[in-house]
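Please look at the sequence and the 3D view before reading on.

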Amino acid sequence: MTEALIGFGAILVLMLLQVPLAFAMALVGLAGVAWIRNWPSAYSMAGAVVFESGFQYLLSVVPLFVLMGNLVTQARLSRELYAAAHAFVGHRRGGLALSTILACGGFGAVCGSSLATTATMAKVAYPEMRKLGYSPALAGGTIAAGGTLGILIPPSVVMVVYAILTEQSIGKMFAAGILPGLLAIVLYMAAVRWVTWRRPQDGPPGQHTPWPGRWAALRDVWGVAALFLLVMGGIYGGVFTSTEAAGIGACGAFLFTWWRGRLTWPVLSQVLIESARTTGMLFLVLIGALLFANFINFTSLPRELQEMVKHFEVHPIVVIVAICAIYIVLGCLLESMSMVLLTVPVFYPLVQHLGFDLVWFGIIVVVVVEISFITPPVGLNVAVLKSLLPGVSMRTLFAGVTPFVVVDIVRLALLIAFPGIVLLLPRYLG
Amino acid sequence: MSARPRAFHERVRDAAQWLLRRLAEVTLAGLALLTLVDVLGRYVFSFPVRGAVEMTELLMVGVIFSGIVLATQRREHVVVDLLALPQRSGLRRLQQGAGIALATAISGLLGAVTWSRALSALDFGERTTILGVPLAPMVFFMSAMLWLNALVNAAHLWEIARGGPVELARPSTDPEESTP
């Protein structure tokens, strides 16, 4: 275990020097294996990891879902999604915030990135909420929290990476995210209602839309529904695999964006290059994490963790709660994808040993990652929002997300207490 | 006033950048189209693309490794900013310089280990199973990209050493790029 702890310490030192995390993990992984075994083993192990990361058919879902999300973002669907949600709930107290949550959920159904969901919805929802007199804290907090739905409601890049790391079915992971995603929407809406119940002036009601107007608004978002049904229907209807679904989804998103007149050659070129850059960044982290995971597997840490749990007769649920607590603390310091890649290889053998379902644990990990997106000081969604809304202070934004963090903790507790919420759909789908 | 003629190294840099971009575009678009053609071929014409899985893997190599260099060029790789040092301080410059120097060395090292993997693929004449495409050139490409990545990092280090800006992810100076 000492070697592993020294390894984590070395990564921390390299992080302080601002070495990109991928390189830090790669160096520690390589040096660690050389230390425990020998240099030739470390050398050939590193070559094999780089080689295999490049030639992995399953991993092709990552660039394709990233491409799909970037194309959908270009389609500027957010305004129609927001209008449709507003037509149904906008007249209620806090209605615009409720609309934002619903629209974020809809956008998350075709985009697997929280940051993209936050950035896209901020441009549409924030000015509308402020115009109606919403407080900056509620408006900003709603968008930052709503944005986290992007990674829970399938398709989700984090889920894909988790599924590949733990050798789980991507289809089952996606199915497992649906009910927790709906639960998240309900709880976020409850948080909005609670805030506006305590301070009605923070979220005044908007105009009432009659039913014909509602149906008309709903017709404008057919593209989102069509794309979601194409990808998910294709997977669960047995038409194509999740890997193929990503390619079909990307092509569908291309056609849809082109049909809406948003796709010019320069835009297409930028979307492709941006997606390739994101892919390169994710794969470098993946290569680093795999090298580090190999080192951890050579140490006695995974076995000793299991023995420690056995020796102290710790209840398995206590272990899960402890892991969640570690994630929430780490989430305050680390970027989300890096956190998953760095820690999942350490925790998942223990979780599996304790008899938990790894699909269920994957959703728990995604939920804690969601929390890390909105907790200080790193909270990436809040940072993205701050860059788009320079007039609003970080303090205001973090104050605004607090009620949503509270309901996130409640949701986490519910998912731990009732695993059926996660595991019901994978039983029938995927 | 006429524009300053570009130095040789600037022309090489721009040409390399252009090539990398086209490679990223073609391989990623190819990846999506290949899946579409394969699925349509299988269900509509009962004629799937032969070796589609292998072609996907080969295209992936293009997307990933061109993407790694393009991301480094924009300094987009994940860095955790744990010490809140002032942007303009000498300590910040030192911290950034040390970080990039280490990243350069590690990228070079990864390039070297991949090169030896490529040599072994060449020695054993490794090929893909269905299409029989030789793997060695692809692995040499991976290695070359990791070395190019080290070179891009070294260029960042040179910029910092000459007093250039130290911020992390930053907007590109490339005229081809602007926010869509």
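A residue is called buried when its relative accessible area is under 20%, exposed when it is over 50%, and partly exposed in between, using a 1.4 Å probe and protein chains only. By this scale E244(A), at 6% relative accessibility, counts as buried.

The model is predicted, so local features need pLDDT of at least 70 and side-chain atom pairs count only at pLDDT 80 or more, while totals for chains, interfaces and linings use all residues. Residues are numbered from 1 along each chain as its sequence is written, chains are lettered from A and ligands numbered from 1 in the order in which they are written, and side-chain values use heavy atoms, with hydrogens and water left out.

**Salt bridges**

Side chains of opposite charge can pair when their charged atoms come close. Here a salt bridge is a side-chain nitrogen of Lys or Arg within 4 Å of a carboxyl oxygen of Asp or Glu. This rule gives ten salt bridges over all chains. The table lists some of them.

| Pair | N to O distance |
|---|---|
| R199(A) and D202(A) | 3.1 Å |
| R42(B) and E244(A) | 2.2 Å |
| R22(B) and E25(B) | 2.9 Å |

Helices (H or I, at least four residues) and strands (E, at least two) are DSSP runs, numbered from the N terminus. In the salt bridge between R42(B) and E244(A), R42(B) lies in helix α1 (residues 8-43) of chain B and E244(A) in helix α14 (residues 242-259) of chain A, so the pair joins two chains. R42(B) is partly exposed, at 28% relative accessible area. A network of salt bridges links E244(A), D38(B) and R42(B).

R22(B) and E25(B) both sit in helix α1 of chain B, three residues apart, which is about one turn of the helix. E25(B) is buried, with a relative accessible area of 13%. In the remaining pair of the table, R199(A) is partly exposed at 43%, whereas D202(A) is buried at 10%.

Chain B has four helices and zero strands. Of its 180 residues, 44% count as buried.

A nonpolar core is a set of buried Ala, Val, Leu, Ile, Met, Phe, Trp, Tyr and Cys residues joined through side-chain atoms within 4.5 Å. The largest such core has 204 residues, and those with the most contacts inside it are F361(A) and F65(B). Helix α15 (residues 265-298) of chain A gives the largest share of this core, 18 residues.

Contact means heavy atoms within 4.5 Å. Leaving out residues up to four places away in sequence, F65(B) touches V50(A), G54(A) and I287(A), and also F141(B), M142(B), M145(B) and L146(B).

How far apart are the end C-alpha atoms of helix α18 (residues 336-353) of chain A? They are 25 Å apart, which agrees with the 26 Å that its 18 residues should span; the expected span is 1.5 Å times one less than the number of residues. Of these 18 residues, 15 are buried. Just after α18(A), G355(A) has a positive phi of about 90°.

D408(A) belongs to helix α21 (residues 394-417) of chain A. Is D408(A) buried or exposed? D408(A) is buried, with a relative accessible area of 0%. Apart from neighbours within four places in sequence, D408(A) is in contact with Y188(A), V367(A), I371(A) and I374(A).
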